[in-house]
Amino acid sequence: MRKAAEIREAFGDRSLLGGYKSFFLVGIGGAGMSALARMLNHRSYLVEGTDSTQSPETDRLKSEGISVRIGHSGEHITGRHAVVLTDAIDLSASPEVKRARELDMPIFRRSQVLGWLLKDHKVIAVTGTHGKTTTTGMIGAGLIAAGMDPLIVVGASVPEFGGPVVEGKGEWAVVEACEAYDSFHDISPDLVVLTNLELDHVDFHGNWENLRDSVVRFVDSIRGHGTLVFCASDRGASEVANRKKCLLVDGYELDHFESEIRERHLEQLSLRLPGDHNRLNAAGAMAAITHTGAPFEKALRGIANFAGAERRLQVLQEEPVTVIDDYAHHPTEIEASLKALTERYPYRRLMVVYQPHLYSRTEPLILEFAEALSHADIVVLTDIYPAREDPIPGVSSARIAELIDKPVHYIPNRHLLPRKVAKIAKPGDVIVGMGAGNIAELAPALIKELEHSSTGFQPASESKLGGRSTQVAVVYGGDSAEREVSILSGRCVRDALQRKGYQVDFVDVSEILIKSGDLSRFTGPKRPDIAFLAVHGTNAEDGAIQGLFELLHIPYTGSGIQASAIAMDKQLTKAILKQNGIRVPEGWLVDRATPSPFPRTQNSGVEQPEAGDGEGVGYVVKPNAQGSTVGLSFVEHAEDLKAAIEKALQYDDAALVEEWVVGMEISVPVLGDR
């Protein structure tokens, strides 16, 4: 997190920006930074930057001619660059910051550069705890519809704008101004829209009074005879308005939008975005636009037709399951979004998949999160997205789950969310992925997962939907003495499945694990439906490979981990069988540390007889944990026993010496439960 002392001491003065023609943006793939990159690029500055991960946004920036490098490094920074950071960048760990300091260069915040770029415009700054992005977009859409050609800077990509920035040539600029880390103080507004105000960003502001006073200072910075437009029905916003200095104040309420429509005889006008919270956003946008001189009815139609920003109740799929992506990450926002979805999709089952954002935000609001999420019919929770924070002991999503009074599923690993949610989903459900972290990956992945899971285990010829056939990974190989046997049996299984019409991926699992470690073929929507384990021997048939597929959450053929591990240990298996009244040949373990081939062992408890004694005719010697034929010897004479044991120990750390029982061997195949 950004600290107040860093803001005061670590960053250069904004006035220095005028001396630069090249900008290096650290964290360029974020919504705010990518907007800044485009604004600088549009103004013919040289722009390049770095980000920790590749994303659709970094790909778009590259396609627009902006140089983006994945992975943080200071090696490309030179003295000609103005180095610009997001507030998520840790100054003490950033190689770009280290390089800038080595070159004795100033560094700048993203908000400083944004304020500098806006200096020649009349600025409408939209701030508040909730609704900033949508309200900014609505004002921008209204001004565009009214022919005002505004500059628009939104904190998220807006599909109808073609991104987060609209480079209008008019005198007005509308910008999302965030209260986090006091970044909005780098903007000089002519009009401020305060949507609402609740305690948030406690990692920086600490308490309500500090947050409120910061917003009051921002309002007091309005230039000239500017205006504060605030939500009069919101207690926090009203408290700020009551503390303002000398400027025009315009309060709006929920019925503002509807009453203005009636007064102007626009009864058929309705918002594309559902929910009372969006009607309030529209009322704020409308109130702000009245102070710009824009043709009102045209602007009002632009507001009403605004379809929203990405991740703001963004519908990605309608049928057979409606899949929605939403940015809500505060209890008030969650409740508003879920109520809006209930309004839009009445009588349909609503499932919310929520990822809490920040430990510091979650800790004081656990009860409120549970109450807000309970507006859904089913709740799925995953672990907290920490961003820049360390975990706080005792703060977890599980504590929220315990307080929810609806069916709830806690799935800590977010990568498992698509397949787990797909199993819960039914046709007609409305599923919303929600949160401010990387939960944004869920909705697109869920759509692919729903397609993946639409057919059962069957060949293509038997598919009821005529769709894809079951994908089977035939897993073979291993590193035991039975590797060659495994290769042969794997090929036979593969050929048989292909003749039946199944899609088969032939996988040497030990080769993958030891050579590359790349398990991507077993993850995501292209993973196999099932793994056929054609493996043999140790580190394969003994539960090891079964454990791998348990971790990957892919069903597999054969026994589970425990049964496989026990059965691979011959002496342990015999002990269990014997305890359950089943006759087994007497046998004794021998290892290289044993001084005699006939020790008294824990497993036998009896004196070993001389070769040829008892009902048998000699001994059978084999490795304790290999296949039934590897290292196997039949011993008729005692003098041959030592050599047989040495042979078995070539394949295992322990050899099993058993009495040789002569009789008929009966194999019992088991298929499923038969």
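Arg 38 is buried, with a relative accessible area of 14% (buried means under 20% relative accessible area, exposed over 50% and partly exposed in between, with a 1.4 Å probe and protein chains only). This is a predicted model, in which local features need pLDDT of at least 70 and side-chain atom pairs count only at pLDDT 80 or more, while totals for chains, interfaces and linings use all residues. Residues are numbered from 1 along each chain as its sequence is written, and side-chain values use heavy atoms, with hydrogens and water left out.

The side chain of Arg 38 forms a salt bridge with that of Glu 64, at 3.0 Å from N to O; the term denotes a side-chain nitrogen of Lys or Arg within 4 Å of a carboxyl oxygen of Asp or Glu. Arg 38 belongs to helix α2 (residues 31-42) and Glu 64 to the loop between α3 (56-63) and β3 (67-70), so the pair ties together parts that are 26 residues apart in sequence. Helices (H or I, at least four residues) and strands (E, at least two) are DSSP runs, numbered from the N terminus.

A second pair to consider is Glu 48 and Arg 80, whose side chains meet in a salt bridge of 3.7 Å, N to O. This pair links distant parts of the chain, 32 residues apart: Glu 48 is in strand β2 (residues 46-51), and Arg 80 is in the loop between β3 and β4 (81-85). Glu 48 is buried at a relative accessible area of 8%, whereas Arg 80 is partly exposed at 44%.

Arg 99 is partly exposed, with 29% relative accessibility. Elsewhere, salt bridges with shared partners join Arg 38, Glu 57, Arg 60 and Glu 64 into one network. Over the whole structure, the search finds 30 salt bridges.

The description now turns to Phe 532, a residue of strand β21 (residues 530-533). Phe 532 is partly exposed, with a relative accessible area of 30%. Leaving aside neighbours within four places in sequence, Phe 532 is in contact (heavy atoms within 4.5 Å) with Val 472, Ala 473, Val 474, Val 475, Val 493 and Thr 557. Glu 389 lies 143 residues from Phe 532 in sequence, and the two are 42 Å apart in space, C-alpha to C-alpha.
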